[in-house]
Amino acid sequence: MEIKFEVEFLPEAIEFLETVDTKARDKIYYNIKKSQSINDNELLKKLNEFIWEFRTLYNGKAYRLFAFWDKTDTNNTLVITTHGILKKTQKTPIREIQKAENIRGEYLEYKLKNKSYGQK
């Protein structure tokens with residue numbers, strides 16, 4: 001199967017995954033890998049204009065990793081995971097979406113500054 005995008009984990013996403021039970025973590029990684037080659041709203045769902053969530057249901061628990069697309073490199077499409085939560089309600093908490101939006105802004109600002117650094 002063709003991989004449509006690469007996934008990069010920011011530190012807070014890695015920290016979240018380290019707190020998750022091993023079997024749940026394996027299922028999360030499996031679902032992320034699967035979502036790289038097939039379109040499935042149950043695995044990767046758009047929450048708003050910029051923020052998406054990787055979705056995993058394991059042992060009756062809903063795990064969510066928030067993410068955004070980085071298409072600034074025309075050769076490589078990246079999906080950047082910002083952080084994760086164990087979802088406790090039907091509705092995704094707005095503060096978690098806002099947190100992902102803030103991290104996205106910081107990421108893009110940092111990338112822009114460092115790309116232009118040293119250019120003449």
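Is Tyr107 buried or exposed? At 15% relative accessibility, Tyr107 counts as buried, where buried means under 20% relative accessible area, exposed over 50% and partly exposed in between, with a 1.4 Å probe and protein chains only. The model is predicted, so local features need pLDDT of at least 70 and side-chain atom pairs count only at pLDDT 80 or more, while totals for chains, interfaces and linings use all residues. Residues are numbered from 1 along each chain as its sequence is written, and side-chain values use heavy atoms, with hydrogens and water left out.

Aromatic rings come next. A pair of such rings is described by the distance of the centres and the angle of the planes. The structure holds 4 aromatic pairs; rings of Phe, Tyr and Trp (its six-membered ring) pair if their centres lie within 6.5 Å, and planes under 30 degrees apart count as stacked, over 60 as edge-to-face and the rest as tilted. One of them joins Trp52 and Trp69, with centres 5.8 Å apart and planes at 75°, so this pair is edge-to-face. Trp52 belongs to strand E3 (residues 51–58) and Trp69 to strand E4 (residues 61–70), so the contact ties together parts that are 17 residues apart in sequence. Helices (H or I, at least four residues) and strands (E, at least two) are DSSP runs, numbered from the N terminus.

Tyr107 returns in an edge-to-face pair with Phe68, at 5.2 Å centre to centre and 65° between the planes. Phe68 lies in strand E4 and Tyr107 in helix H3 (residues 94–116), so parts that are 39 residues apart in sequence are tied together. Phe68 counts as buried, at 0% relative accessibility, whereas Trp69 counts as partly exposed, at 25%.

Trp69 also takes part in a cluster, in which ring pairs link Phe5, Trp52 and Trp69. Over the ring of Trp69 sits the charged end of Lys71, 5.3 Å from the ring centre; this description requires NZ of Lys or CZ of Arg within 6 Å of the ring centre and within 35 degrees of the ring normal. Arg104 lies over the face of Phe50, at 3.8 Å from the ring centre.

The lining of the largest cavity draws two or more residues from each of helix H2 (22–35), E3 and E4, and its largest share, 3 residues, comes from E4.
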